[in-house]
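Here is a short note to read beside the model. Keep the structure open as you go.

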Amino acid sequence: MFFLLSKIGEFFVNPAHVAILLAASGVALLFTRFAKTGRTLAAAGIFALVVMSFSPLAIYLALPLENRFARPAPDSPAPDGIIVLGGAFDENISMARGGVAFNDAAERLTAAVELARRYPKARLLFTGGSAALRGSPYSEAQVAGRFFEQMGVDPARLILEDKSRNTFENAVFSRELAAPKPGERWLLVTSAMHMPRSVGIFRRVEFPAIPYPVAYRTRGYWTDISLHKNAADMLRLTDLATHEWVGLVAYRLSGKTDALFPGP
């Protein structure tokens, strides 16, 4: 039920979708006796789109998420394992085309390969099934297995989890497969913006992994007030950041994280 509600709710936590709905509803009302209300809704929707497209709002939303956790120091002890969260592939295109189709979170995979080479004794656990509401005959784990094999990673080191549909299930199923022993160190690789929620979930299921954030979308400082980015990029960043903030609240209210805004 939680998965179903989360998928339905994704549309409504996309600020651009909401703004477009407001504007479209307002335009439709202009041709009725509620024209005054229509003008208000249309103006509100257009104003929201302009703010999200050309103001630093997206950066202000994303920065606290991306700056929450730093990578471990280079001289930190070698990990026993590396966990890589799914979300970097389009599994359907990958399987249909017989290749590996990345999305804009691809650094999760390239960082995993680099870490696997740096720590040759560490196990590598990739967790990702399919987030499709009706399911899918393919999983991200299938594509990940193909990718890591192409990158020369020893299959004996790989653990592929292919049932999870969201981050909470990523954590639950990863813990079951990894069976971490007391004192073991596991790195958690995911996008920096997604890291606070991921850390809170892994702590909640008693698998306290060490954050290794990647795929940054901001430069990391508040003075990065750029009004020259592509409007579509700013809308996308607003969408991603809002999704994470709403996700933090929803997961905390449902008891799936250990804090509202998990920190170091």
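1. D104, R217, R236 and D239 are linked in a network of salt bridges. A salt bridge here is a side-chain nitrogen of Lys or Arg within 4 Å of a carboxyl oxygen of Asp or Glu. The count by this rule is 8 salt bridges.

2. The model is predicted: local features need pLDDT of at least 70, side-chain atom pairs count only at pLDDT 80 or more, and totals for chains, interfaces and linings use all residues. Residues are numbered from 1 along each chain as its sequence is written, and side-chain values use heavy atoms, leaving out hydrogens and water.

3. R71 and E107 join through their side chains in a salt bridge (3.5 Å, N to O). R71 sits in the loop between helix 4 (57-66) and strand 1, and E107 in helix 6 (residues 107-118), so the pair ties together parts 36 residues apart in sequence. Helices (H or I, at least four residues) and strands (E, at least two) are DSSP runs, numbered from the N terminus.

4. R118 and E114 also form a salt bridge, with their closest N and O atoms 2.8 Å apart. Both lie in helix 6, 4 residues apart, about one turn of the helix.

5. E184 and R123 pair in a salt bridge too (3.4 Å, N to O). E184 is in the loop between helix 8 and strand 4 and R123 in strand 2, so this pair ties together parts 61 residues apart in sequence.

6. Is F31 buried or exposed? F31 is exposed, at 72% relative accessible area. Buried means under 20%, exposed over 50%, partly exposed in between (1.4 Å probe, protein chains only). F31 lies in the loop between helix 2 (15-29) and helix 3 (35-54).
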